[in-house]
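Trainee: Could we take a close look at just one part of this one? I'd like to go through it slowly.

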Amino acid sequence: MNVDAQLIEHMMNPKNYGTLAGNNAEGIGKNPENGEKVAIYLRVATDEDGEYIENIAYQAIGCTTTVVAGSMITEEAKELNFNGVRNLVEATMNILDKLPAEDAACSEMVALALLAAVETYEKRVDDAEYPVITKFVSNSCVPKENAQEVK
Amino acid sequence: MKTLMIKTHEVWLEVLMASFMSNTDNKKVLSNFSDILFRHFTWLENEHIVLDESYNYDRDHIPIKVEKLSDILKDITNRLNEIDLQLMAIDNKALSSRISSDLYYITSVLMHMKDEKITAFNMERKYQGTILSQEATDALTLFLFEESYKEYELIMIYNYLKMHSSDSYMNRIFQILIEESFFHLKSFGDMQAQMGLLGVPRIVMKDLYQVEDVVQFLKDGINEELAAKEECIKLSEAVAKESPELEKFFNFINQQENYHIALMEDALKHFKKANNE
């Protein structure tokens, strides 16, 4: 990870970290390879343009990269409507190829948790008891050169 | 009482962070006070267990970024006064008066502490005047954030396991591991503050400390300790050229991990035997 002042700020003081009182949706992103996971909590509100994220929080069982990715992505997701959230998730997924393997898996996990939270909210509109949706990452946390050595 | 435990958890960490920030005799006093507040936290936790009340280790964000020590001491004093007021609502008067008496002394000492200018947040990333290469500085930065959280996480997990176990053999091991993790957390926290990178470790997720499978937890823990050893070796090599002191320190931490692994292996063996696994 290239450590600059912005990254250090997210490490020293991750934004939106913790649980969220009065949340009305939750989503989970998981890495089946190593058991790491991210939970995202949303408080969704509605205005004349539809539903949007009024407040957001996340927690992670994972490395510092996951915490930084969570801090950045949840900051960007705040106050977005659901279309905006889907665009953010898509934009994140599209840059994963350019990231080192371990960073890609962490960012994917956060993006998927966010998408899972939105989908959980949508399902709960019809079924209040709908369980929290969990999505699994497709990127491996093992750097490519190590993965080749293992093979 | 739930709020009281959360507030005590927060102030324990805040005092610990203040001890990292200090560069004078205040450091030792604050560090000792944080130990006392951690014990209060465990007493309150025990009270929850005795009364069969549910609880967890959730807490709020703790703002610690200050320019002068007196700024954080004021906030700590306010928090301690608030806790003292809340103690009146506890039925266990022996417990509340014991904590209250400690708080009275702590606040009276804090009030007279000499002020200090704080540099723990300046992001200079220099350790005791040593200039490390960019690569070594980045590696050290990531290590400190990763491991200071890890040590806090381990304190919380071992504490929870200890609180919910009546097996004296296991509890002896958990207590040693808590003390070892405290030493590491304090060492890394002091280094973070020296480098201008101090941050409060993030909240530990419930899934981690409400351990359902102790055997798997211990096996994973042993693997994590082995990984931590590797990190220490890498870091020790990365800083060796520029700082023999840091090299020695990380070799020392690496060796300590061997003891942690031995303790966890011992706990695993005992737990399996005690539970016929």
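Trainee: Which helix do Lys7(B) and Glu10(B) both lie in, and how many residues apart are they?

Mentor: Both sit in helix H1 of chain B, residues 2–21, and they're 3 residues apart, about one turn of the helix. (Helices are DSSP runs of H or I, at least four residues, and strands are runs of E, at least two, numbered from the N terminus.) Keep in mind that this is a predicted model, where local features need pLDDT of at least 70 and side-chain atom pairs 80 or more, while totals for chains, interfaces and linings use all residues. Side-chain values use heavy atoms, without hydrogens or water, residues are numbered from 1 along each chain as written, and chains are lettered from A and ligands numbered from 1 in the order written.

Now for the pair itself: Lys7(B) makes a salt bridge with Glu10(B), and their closest N and O atoms are 3.7 Å apart. (That takes a side-chain nitrogen of Lys or Arg within 4 Å of a carboxyl oxygen of Asp or Glu.) Glu10(B) is buried, at 1% relative accessible area, whereas Lys7(B) is partly exposed at 22%.

Over all chains, the count comes to 17 salt bridges.

Notes:
Buried means under 20% relative accessible area, exposed over 50%, partly exposed in between (1.4 Å probe, protein chains only).
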